[in-house]
Amino acid sequence: MHGSPDPARFDTVVVVDFGAQYAQLIARRVREAHVYSVIVPHSVHAAEIAALRPKGIILSGGPRSVYAEGAPSLDTAIYDLGIPVLGICYGAQLLAQQLGGSVAATGGGEYGRTRLVRSVGVPARLFPEWPETSDVWMSHGDSIVAPPAGATVTASTADVAVAAFEDDRRQRYGVQFHPEVAHTERGAELLRAFLLDACGCRPTWTHASVIESAVEEVRRVVGGKRVICALSGGVDSAVTAALVHKAVGDQLTCVFVDTGLMRAGEGAQVEQTFRRQFGLDLVHVDAAARFFAALSGVADPEAKRKVIGELFVRLFEEVASATRDVAFLAQGTLYPDVIESGTGHAATIKTHHNVGGLPEEMELELVEPLRLLFKDEVRAIGEELGLPEEIVWRQPFPGPGLAVRIVGEVTEERVATVRAADAIVLEEVRRAGLQPTLWQCFAVLLGVRSVGVMGDERTYAHPIVVRAVTSEDAMTADWARLPHELLERIAQRIINEVPGVNRVAYDVTSKPPGTIEWE
């Protein structure tokens with residue numbers, strides 16, 4: 001279950017990634033228009049694009065100049081596939097440069113909110129009913145000074161003569177601004193015009209249709225065999241369990257592995273919710289001792305993820321061997337997991353334990369009904385399936401658990417320290433009423449010690465780092481501006497209540513350049 005969705009049901013639009021965060025945001029906006037999107041690298045070849053059978057291609061923005069040495073380029077044979085192409089910012093500049101137009105550093109870039117002026121008397125398929133002027137979001141140093149051969153200028157700004165162009169006959173379109181960002185007044189409308197009008201896409205990528213398609217695919221793949229589902233209690237595994245249960249009913253057995261790396265009270269909550277409330281067949285495996293033994297002496301974060309990923313699978317295989325006819329392992333892998341773990345379409349940022357961290361040889365075949373979805377889509381599907389709000393909107397928690405919130409070796413003592421600090425962070429954020437505004441908030445234990453003074457005595461203890469971020473899909477994130485009074489309460493409580501901690505710091509790094517988790 002690793003391929004594209006049913007092409008008879010869902011049309012596909014390819015988003016070509018030229019860097020920064022733009023491709024992921026564009027892909028999400030396409031899906032919000034109820035059209036399936038897939039992200040590919042700019043190194044993609046025309047034959048690879050053709051194999052995806054897309055109805056449209058979008059070239060993303062990027063941080064480079066099209067004329068810079070080593071700047072991302074594109075196989076020009078893609079333009080001859082007869083598929084509509086929309087270039088955005090860098091993508092529009094590259095489209096112009098490769099097809100006979102020109103791009104130059106004019107000495108005055110445009111950044112932020114900018115007034116766009118439509119060309120008088122010039123038809124524009126992408127914004128046919130827009131007002132004469134509107135606000136758009138710009139972020140470029142170079143500018144298109146001449147459109148591609150055969151294209152017409154459809155909009156300009158006070159400083160840039162070519163803010164948008166169209167060659168409707170050959171279905172090539174470019175906009176210098178960013179329609180995918182909320183600051184562009186009618187950006188969603190422009191994308192819909194490209195997707196539905198220029199490309200002729202069917203708006204069938206809805207929550208109900210995605211559920212129906214996933215259920216049909218699970219039934220087709222699984223047949224009469226049994227499935228075990230890796231259930232952590234988080235939204236991803238919960239929605240996976242609900243989807244697979246909807247597809248195959250009592251052929252499903254959920255397995256909750258207590259790694260000893262969970263948050264405070266998490267094991268009991270999983271038991272209560274899924275065994276008692278939902279009545280699912282649930283096997284509880286207490287494997288804390290095995291995980292701590294496997295992680296002994298392991299400090300490298302990638303090595304930790306691989307150790308944890310392999311042990312997870314071996315435990316699932318042990319459960320499967322004791323259960324008749326089990327042939328499949330269901331897990332809650334998401335599209336961002338696949339992108340970040342490194343595929344043919346992305347470099348490795350970090351290996352997710354359930355993707356690149358899996359062992360090369362497995363006895364069970366994977367079932368991953370969420371593999372093509374972003375996090376916001378998973379939450380919406382969870383609501384559609386009737387899962388309770390406290391599960392659907394639960395903060396993401398990494399599969400390796402607290403092991404990746406400990407810098408350095410993982411021991412029972414260090415886990416106890418970060419678990420206690422983490423519980424304080426969550427409790428105070430909830431008490432302040434800020435949890436719904438945050439993507440994640442948690443504590444990190446560093447592998448160093450620092451000098452402090454407590455009770456008029458010198459201490460040499462551990463620092464805790466508090467991390468809180470806002471995000472829509474985890475592909476990008478901004479550090480949360482928590483009130484100083486809240487940070488003060490968190491710091492005081494951690495230092496006073498958690499043994500071995502004498503200092504608390506707050507992480508103000510966004511993603512990129514950092515990641516949300518520390519490891």
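In this predicted model, a search of the whole structure turns up two cavities of 30 Å³ or more. The second largest cavity holds about 70 Å³ of space. Its lining consists of Gly233, Gln269, Val270, Thr273, Phe274, Glu390, Ile391 and Arg394. Two elements give two or more residues each to this lining, namely helix H7 (266–277) and helix H12 (389–392). H7 gives the most, with four residues. Sorted by class, the lining of the second largest cavity has three nonpolar, three polar and two charged residues.

The next topic is the sheet. Nine strands form an open sheet with mixed pairing, in the order S2-S1-S3-S4-S11-S10-S9-S6-S7. Strand S2 (36–41) and strand S7 (133–140) each have a single partner strand and stand at the edges, so one side of each is left without a neighbour in the sheet. From one strand to the next, the twist averages 25 degrees. Strands of a sheet pair through backbone hydrogen bonds, in a parallel or an antiparallel manner. Strand S9 (residues 152–156) and strand S10 (residues 164–167) run antiparallel and are joined by three bridges. Within this part of the sheet, Val153 stands opposite Phe165 in S10.

Helices also contact the sheet. Helix H1 (residues 22–32) packs on the sheet and touches strand S1 (12–17), S2, strand S3 (56–59), strand S4 (85–88) and S7. The direction of H1 makes about 160 degrees with that of S2. Helix H3 (residues 90–98) lies across S3, S4, S7, S10 and strand S11 (172–175), and runs at about 120 degrees to S4.

Most residues other than glycine have a negative phi. His34, in the loop between H1 and S2, has a positive phi although the residue is not glycine. Asp325, in the loop between helix H9 (301–321) and strand S15 (326–330), likewise has a positive phi in a residue other than glycine. The values for both residues are set out below.

| Residue | Phi | Relative accessibility |
|---|---|---|
| His34 | near 70 degrees | 36% |
| Asp325 | near 65 degrees | 42% |

How values were computed: Residues numbered from 1 in each chain as written. Predicted model: local features only at pLDDT ≥ 70, side-chain atom pairs only at ≥ 80, totals over all residues. Heavy atoms only, no water. 1 Å grid on protein atoms, 1.4 Å probe; cavity = no way out; pocket = protein on both sides within 12 Å on 5 of 7 lines; lining within 4 Å. Points joined across faces, edges and corners; volume = space filled by probe spheres on them. Nonpolar A, V, L, I, M, F, W, Y, C, P; charged D, E, K, R; others polar. Pairing = 2+ DSSP bridges. Axes fitted to C-alpha atoms, helices over the stretch in contact; angles between N-to-C directions. Contact = heavy atoms within 4.5 Å. Buried < 20%, exposed > 50% of the residue type's maximum accessible area, 1.4 Å probe, protein only.
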